[in-house]
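Student: I have a protein model open and I want to learn how to read it. Can we go through it step by step?

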Amino acid sequence: MPGRASVIALGLLAAGGYTLFVHPPMQSIGRGEMGMRLNQLTGSSTEVRDGAVLVIPGLHEVRRFSLRDQVYRPTANASASGPAPFQSVEGLSVGVDISVRYALDASKIAAMARDLPEDINREIVEPVVQGVLYKTLARYTVREIFSSKRAEIQQLIEAELKPRLAKDGIKLEAVTMGKVDLPPDYKAGMEHLLSEELATEKMRYTLELKEKQVRQTELEAQADKVRRETSAQAAAEEQIIAAKAQAEAMKHVLPFKQKQIEQRSLEAEAEKISRIKTAEGTAQARRIEASGEADSRKNLADAEAYRQDRIGKITSEQLARDGALISKNPLLIQKTMADKLSDKITVIIAPPPSDGGFIGSALLGAGKQNTAQKVRTAVAADTTTESGQEEQSATEGVN
């Protein structure tokens, strides 16, 4: 008995552990979701937002509902040759790419949590949307669906879907119509029709363009006419104004010309007087130059006379000094003669005179007095020449 009880206890523990593993007591609600915990015994429900929630297996059941926007997009109706195309009022198949964006109404989920199916998109949204789309599109032609009534059809679908989905706690956000797939035959006919319409429109615009070109040509011709008239009138007025201006200018030009003639006459007179004054100045300058040259020559003549007079006086004084010097020193004559002959005669050998006179008397073959007189004369001449040269140099320096 004790062993059997232990086995039963272990089995219960294992079953409980497996149950807790398969159905954990703590579950979490993600962000953007809303959870409803349903009590299986009382039938009550508790709303749970983001976070953890305690769930007792066998007692509680948790359902999660996404509060994010969801999109239902039927793919079977998107092509005219698909499995379930829409039908127009003409009975033609047409494919329409439609998107329905919706979201669950959080305020109604608590009351409708038990009644809502697991797959809301397939079991609620799809049947409602399909019924409304088929019914609405069947009222319009293919051309209206394709182009002219797209906005109207979209508004009708949205207006009819919104209350029907709201009954099930679903908020309709928007209905969008995309590409419209036309039947091949209808597409070819429409293309042909469009080409004809385009040709008609082109012709209409071409005629309007031609009409506007004609009108433009008329307006350009009229404008050219007006421009020419205006140009001719402006040219005539310009010539009149030019003639008046020329006549007015002549009134001022003639006095100006007369003043120019008077000015030129005065300028010629002034030039004549200027030339006369210049000639008089030149003549006076030449007279002054001649007078100065005459004065200069006179001064030179006076200076030359003064120089000659001065040289004579100096020569006389020099001769008197030389005579006195020779009288005092008779041998000076011999020295002077030796100096004069030094560059011509290297050595002179002569006996001294017996009377003690001039040593060169015997060489010259003359008497004592003649020799002394010639020596004095030569010395005086040399001295006079040297004094004259010195005086002349002094006079030239003064001039």
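Student: Let me start with one residue. In which helix is the place of threonine 136?

Tutor: This is a predicted model, so keep that in mind throughout. Threonine 136 has its place in helix α3, which covers residues 120-137.

Student: Is threonine 136 buried or exposed?

Tutor: Look at the relative accessible area. Under 20% counts as buried. Threonine 136 has 0%, so it is buried.

Student: Which residues does threonine 136 touch?

Tutor: Leave out residues up to four places away in sequence. Threonine 136 then touches Ile153, Leu156, Ile157 and Glu160.

Student: What lies 2.8 Å from a polar atom of the threonine 136 side chain?

Tutor: The backbone oxygen of valine 132 does.

Student: Now the whole protein. How many helices and strands does the protein have?

Tutor: Nine helices and nine strands. The protein has 399 residues, and 22% of them are buried. The accessible surface comes to about 27800 Å². Carbon and sulfur atoms hold 57% of that surface.

Student: What share of the contacts joins residues 24 or more positions apart?

Tutor: Count contacts with a separation of 6 or more. Of these, 67% are between residues 24 or more positions apart.

Student: On to strands. Why is strand β8 described as largely enclosed by the rest of the structure?

Tutor: Count its buried residues. Strand β8 spans residues 93-104, and nine of its 12 residues are buried, so the rest of the structure largely encloses it.

Student: Which strands pair with β8, and in which sense?

Tutor: Take them one by one. Strand β6, residues 70-72, runs antiparallel to β8, and three bridges join them. Strand β7, residues 86-87, pairs with β8 over two bridges, also antiparallel. Strand β9, residues 170-181, pairs with β8 in the antiparallel sense over nine bridges.

Student: Which residues stand opposite each other in these pairs?

Tutor: Here is one example from each. Tyrosine 72 stands opposite valine 100 in β8. Glutamine 87 has serine 93 in β8 as its bridge partner. Arginine 101 has alanine 174 in β9 as its bridge partner.

Student: How many residues lie between β7 and β8 in their hairpin?

Tutor: Five. Check the turn too: glycine 91 there has a positive phi of about 85 degrees.

Student: Next, a helix. Which residues of helix α7 are buried?

Tutor: Helix α7 covers residues 331-341, and Ile333, Thr336 and Met337 are buried in it. Now view them around the helix axis. They cover an arc of only 100 degrees, so they sit on the same side of α7.

Student: Last topic: salt bridges. How many are there by the rule used here?

Tutor: The count comes to 14. The rule asks for a side-chain nitrogen of Lys or Arg within 4 Å of a carboxyl oxygen of Asp or Glu.

Student: With which residue does aspartate 69 form a salt bridge?

Tutor: With arginine 101; their closest N and O atoms are 2.9 Å apart. This pair links distant parts of the chain, 32 residues apart. Aspartate 69 is in the loop between β5 and β6, while arginine 101 is in strand β8. Aspartate 69 is partly exposed at 43% relative accessibility. Arginine 101 is partly exposed too, at 34%.

Student: What separates aspartate 224 and arginine 228 in helix α6?

Tutor: About one helical turn, because they are four residues apart in helix α6, residues 184-328. Aspartate 224 is partly exposed at 24%. Arginine 228 is exposed at 60%.

Student: And what about lysine 251 and glutamate 248?

Tutor: Their side chains meet in a salt bridge as well, at 3.7 Å from N to O. They are three residues apart in helix α6, so about one helical turn separates them. Lysine 251 is exposed at 57% relative accessibility, whereas glutamate 248 is partly exposed at 41%.

Student: Which residues do salt bridges with shared partners join into one network?

Tutor: Glu201, Arg204 and Glu208.

Key: Residues are numbered from 1 along each chain as its sequence is written. This is a predicted model: local features need pLDDT of at least 70, side-chain atom pairs count only at pLDDT 80 or more; totals for chains, interfaces and linings use all residues. Side-chain values use heavy atoms; hydrogens and water are left out. Buried means under 20% relative accessible area, exposed over 50%, partly exposed in between (1.4 Å probe, protein chains only). Two strands pair if DSSP finds at least two bridges between them. The arc is that of the directions from the helix axis to the C-beta atoms. A polar contact is a pair of N or O atoms within 3.5 Å; within protein, one must be able to donate a hydrogen and the other to accept it, and residues adjacent in sequence count only if both atoms are side-chain atoms. Contact means heavy atoms within 4.5 Å. Accessible areas come from the Shrake-Rupley method with a 1.4 Å probe; for residues, only the protein chains shown count as cover.
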